[in-house]
Amino acid sequence: MHISVLLEEAIRYLNLKKNSIIVDATLGYGGHSAYILKNIPQGYLYAFDQDIEAIKYAEEKLKMIGQNYEIINTNFENIKKELNKREIKADGILFDLGVSSPQLDNAERGFSFHHDAKLDMRMDRNKKLTAYEVVNTYSYDDLKNILYKYGEEKYASSIAKAIIQYRSTKKIDSTLELSEIIKNSVPEKYRKKGHPARKSFQAIRIEVNNELAVFETALKDALELLKPGGRICVITFHSLEDRLCKQIFNEVSNIPKELRKLPVVPIEYMPKFQVIANIKPSEAEIKNNPRSRSARMRVIERIDDYGKKENEKIKNN
Ligand SMILES: C[S@@+](CC[C@H](N)C(=O)[O-])C[C@H]1O[C@@H](n2cnc3c(N)ncnc32)[C@H](O)[C@@H]1O
């Protein structure tokens, strides 16, 4: 079972109207999408997911609510191409990043260090690169960099060294095998601070699915796909994604630094977006769903009357 994170908050901040056009970039098990669909009886929902298993499950849920939706089985990096093809601009776009609980719990998918499985970690099983390729073929430097950059793992070099050493005699086949290698390559005291393989598994998953680059492209495209007054809600689960989101939101909602001292900022440099919220789950939510502990939601809005106010100011001067 997947418990949707920041569900009420996402619905509230998406500002749903009966006829809203909404894009759920990460359908997953349909938790957010089901709520969205209930609230837009005359609108339309476009829902993306690259995982066909998640789609099959979510479809069952959505079809009980209405027919005004389309599920698009592709990576959300194609959001621009897919919406342009349909000539659509959105009133709201939701990203609820990462993997869902059923993906983690299905041992076969090879995402989790709790279940023994073949190393896989692909969200889209049609893609070629798997965790097996990463740990068995990447160089020491590449492994170390990935663990450091995507896992913020301070023992990146000892873990990378241990992986290289182990695989010189035998390929690393399974999640538990990898988890043991990691556990044995970090100091005893580190093993007591949560699972020692958690950060490395996150890092390898990000590499396998190219998560940060894909998110960056999709978020920048999503900003351009909003109607005036439309909003984007982004729910992230680790600091790398959150930082990237914050940086992109800051870039588009602020006047460029070098122009801030000008007495009049040219209208084309005035921000077209405003940041609306940056929130964390409540204590009650964290208690009910510990997975939500690391979640954060950032919200941005495309300024509705962009240009009007600035033109008035110029006329009045
Ligand atoms: C956290 S779950 C979403 C859960 C959903 N909001 C719910 O309440 O049931 C994230 C989902 O996004 C999908 N996903 C992650 N990255 C994606 C991408 N780049 N393109 C398409 N789907 C992606 C995953 O397959 C997963 O099903």
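### Ligand shell, cores and helix faces in a predicted model

The shell of residues around the ligand divides into seven nonpolar, 11 polar and three charged. Here Ala, Val, Leu, Ile, Met, Phe, Trp, Tyr, Cys and Pro count as nonpolar, Asp, Glu, Lys and Arg as charged, and the others, Gly among them, as polar. Of the 21 residues around the ligand, those that come nearest are Ser 4, Thr 26, Gly 28, Gly 31 and Asp 51; a residue is near a molecule if its C-beta atom, placed from the backbone, lies within 6 Å of it. The model is a predicted one, in which local features need pLDDT of at least 70 and side-chain atom pairs count only at pLDDT 80 or more, while totals for chains, interfaces and linings use all residues. Residues are numbered from 1 along each chain as its sequence is written.

The largest nonpolar core has 53 residues, of which Ala 25, Leu 45, Ile 93, Cys 233 and Ile 235 touch the most other members. A nonpolar core is a set of buried Ala, Val, Leu, Ile, Met, Phe, Trp, Tyr and Cys residues joined through C-beta atoms within 7 Å. Buried means that 20 or more other C-beta atoms lie within 10 Å of the residue's own, exposed that 12 or fewer do, and partly exposed in between, with C-beta atoms placed from the backbone. Not counting residues up to four places away in sequence, Ala 25 touches Phe 48, Phe 76, Ile 79, Ile 93, Leu 94, Phe 95 and Ala 218, contact being C-beta atoms, placed from the backbone, within 7 Å. Another core, of 27 residues, lies apart from the largest one and has Val 134, Ile 159, Ile 163 and Ala 203 among its members. In soluble globular proteins, nonpolar side chains tend to be buried together.

Two of these residues, Ile 159 and Ile 163, are also among the buried residues of helix α8, together with Ala 156 and Ala 160. These residues cover an arc of only 100° around the axis, which puts them on the same side of α8; the arc is that of the directions from the helix axis to the C-beta atoms. Helices (H or I, at least four residues) and strands (E, at least two) are DSSP runs, numbered from the N terminus. Helix α8 (residues 156-167) has 12 residues and should span 16 Å at 1.5 Å a residue, which agrees with the 17 Å between its end C-alpha atoms; the expected span is 1.5 Å times one less than the number of residues. Packed against the buried residues of α8 are α6 (131-137), α7 (140-151), α9 (175-184) and α11 (198-209).

An α-helix has 3.6 residues a turn, so residues three or four places apart point the same way.

In helix α13 (residues 239-253), 15 residues reach 20 Å from the first C-alpha to the last, close to the 21 Å expected. Buried in α13 are Glu 241, Asp 242, Cys 245, Ile 248 and Phe 249. These buried residues fall within an arc of 135° seen down the axis, so they line one face of α13. Ser 239, Arg 243 and Gln 247 are exposed on the other side. Among the elements covering the buried residues of α13 are α12 (211-224), β5 (226-236), β6 (273-279) and β7 (296-302).

A few single residues complete the picture. Leu 6, in the segment before α1 (7-13), has a phi near 50°, a positive value in a residue other than glycine. Leu 6 is buried, with 22 other C-beta atoms within 10 Å. Asn 210, in the loop between α11 and α12, likewise has a positive phi near 50°, but counts as partly exposed because it has 14 C-beta neighbours inside 10 Å. Most residues other than glycine have a negative phi. Lys 80, in helix α4 (residues 79-85), touches Asp 221 and Leu 225, not counting residues up to four places away in sequence.

Notes
Two residues are in contact if their C-beta atoms, placed from the backbone, lie within 7 Å.
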